[in-house]
Every structure is written in structure tokens, then in C-alpha cells.
Amino acid sequence: MGLELYLDLLSQPCRAVYIFAKKNSIPFQLRTVELLKGQHYTDSFAEVNPLRKVPALKDGDFTLAESVAILLYLSRKYKTPDHWYPQDLQAQARVDEYLSWQHTALRSCCTRAMWQKMMFPVFLGQPVPPETLANTLAELDRCLQLLEDKFLRDQAFLTGPQISVADLVAITELMHDPGLLVLAAKSSKADQSWLRGASVWRLQLGRSSSRRPMQLS
């Protein structure tokens with residue numbers, strides 16, 4: 001059996017892995033894990049990833065969790081073009097810097113905003129106090145300003161003149177379609193057990209920004 005990727009394309013990190021593999025013509029077998037049906041909690045999936053999260057990778061007898069680890073594994077194994085994850089020490093460190101920052105900054109801000117703006121009131125019927133949402137969106141604004149001032153600056157891409165995995169991770173986080181989430185949340189096939197373990201750190205942003213977009217093409 002060749003490379004297998006366990007993904008649900010509702011997930012931003014899963015989309016980053018999927019796009020990276022497709023863009024680099026990496027052959028893989030797609031194994032869909034439907035989060036809304038709770039398939040990540042099944043015993044069969046736990047054999048691939050005991051953390052019960054997507055994305056996950058299976059390459060023969062080797063399994064791997066966490067989207068950043070998977071992206072770097074694929075870039076090294078398939079020797080993808082150097083701009084994705086540069087060999088130059090300092091250029092590579094810039095990509096690592098963003099990937100380390102985004103977990104507790106952009107991603108956490110976006111997920112909290114999405115839950116408070118959409119998922120709690122629309123899916124769970126739990127309104128969020130306006131001042132709570134306002135504080136969250138203000139924090140998101142600060143995070144986006146840091147993204148622009150620290151990483152993007154006057155460059156075409158986050159870490160230099162060419163696209164890297166940092167840009168892919170960022171753009172899948174920022175371009176999450178809120179309408180898709182609402183449709184998924186209202187689906188009669190949705191299993192609410194997918195919310196087990198969820199806190200305000202889930203899903204994504206439903207807010208537009210006036211800032212200039214990153215040039216990803």
C-alpha cells in the first residue's frame with residue numbers, strides 16, 4: 001500500500017496538506033474521515049492516529065499526525081521544489097518561525113472568532129455576549145496586523161519572494177468559507193459527537209478584512 005492521507009476537507013490543516021500534495025503531484029490514496037459523523041473517534045482510525053485528529057498520514061507501516069509534521073515529511077520525502085521548505089538555514093528558519101507562531105496566534109484567534117460569530121449561535125443556539133465577540137474580533141485584528149507587519153511586510157509571500165508551506169497554512173486558515181460551515185452544521189447527517197472535546201478553539205473565521213491579500217498565485 002502506498003501513501004495514504006486521512007483528511008476531511010472541512011478542516012483547514014487538511015486542506016493545506018491536500019493542496020500541497022496535489023500541487024506537487026504526490027501520489028496518494030485519499031481516506032476521507034468525516035468529522036461531522038464522528039469518524040475520527042472510531043477504533044479503526046485510532047489505529048492510524050491515536051490522537052483521533054485529522055490530518056493523518058500512513059506510509060506503509062509508518063504513521064504520522066499533525067499537519068505541519070506531515071507537510072515537512074512530504075516535502076522531504078518527495079524532494080519538492082526548494083521554495084516550499086528551503087534548505088538555506090535562515091530561509092528555513094523563517095518558515096519555521098511562522099509555523100511555530102501561527103498555532104497560538106492566527107489559528108487560535110480565527111477558530112475562537114468562528115465559534116463565537118457562527119457556530120455557537122447558529123449550530124448550538126447559544127448566543128455569545130456582544131462584548132465577548134467584540135473583544136475576540138479586536139484580538140483577531142491585532143493578530144492580523146502582526147501577520148502583516150511581522151511576516152508579510154512588503155513581500156509577495158510571508159517568508160520571502162516565493163511561496164512556502166507557511167503561505168499555504170496561512171491562506172487555508174484565512175479563506176475558510178463560513179457558508180460551508182453553516183450547511184455542514186445543519187446537515188441531517190451530522191453527528192453531534194464531533195463536538196466532544198471542543199472548546200472555543202475550533203473551526204474558523206467568518207469575517208472579511210480590508211487588508212491587502214497575500215499573493216498566492
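The crossing of helices α4 and α7 is left-handed. This report describes that pair in a predicted model, then the protein as a whole.

**The α4 and α7 pair**

Helix α4 covers residues 89-104 and helix α7 covers residues 165-174. Their axes come within 9 Å and cross at roughly 25°. Because angles under 35 degrees count as roughly parallel, α4 is roughly parallel to α7.

| Helix | Residues in the contact |
|---|---|
| α4 | Val-95, Tyr-98, Leu-99, Gln-102 |
| α7 | Val-165, Ala-166, Val-169, Ala-170 |

Sorted by class, the contact of α4 with α7 has seven nonpolar residues and one polar residue, with no charged residues.

**The protein as a whole**

How many helices and strands does the protein have? Its secondary structure comes to eight helices and four strands. Read from the N terminus, the order of elements is β-α-β-α-β-β-α-α-α-α-α-α.

What share of the contacts between residues at least 6 apart in sequence joins residues at least 24 apart? In the protein, that share is 71%.

Of the 217 residues in the protein, 48% are buried. The accessible surface of the protein is about 11,200 Å², and carbon and sulfur atoms account for 54% of that surface.

Notes
Residues are numbered from 1 along each chain as its sequence is written. This is a predicted model: local features need pLDDT of at least 70, side-chain atom pairs count only at pLDDT 80 or more; totals for chains, interfaces and linings use all residues. Side-chain values use heavy atoms; hydrogens and water are left out. Axes are lines fitted to C-alpha atoms, for helices over the stretch in contact, and angles run from 0 to 180 degrees between N-to-C directions. Helices (H or I, at least four residues) and strands (E, at least two) are DSSP runs, numbered from the N terminus. Angles under 35 degrees count as roughly parallel, over 145 as roughly antiparallel, 65 to 115 as roughly perpendicular and the rest as oblique. A crossing is left-handed if the near helix is turned anticlockwise from the far one by less than a right angle, and right-handed if clockwise. Contact means heavy atoms within 4.5 Å. Ala, Val, Leu, Ile, Met, Phe, Trp, Tyr, Cys and Pro count as nonpolar, Asp, Glu, Lys and Arg as charged, and the others, Gly among them, as polar. Buried means under 20% relative accessible area, exposed over 50%, partly exposed in between (1.4 Å probe, protein chains only). Accessible areas come from the Shrake-Rupley method with a 1.4 Å probe; for residues, only the protein chains shown count as cover.
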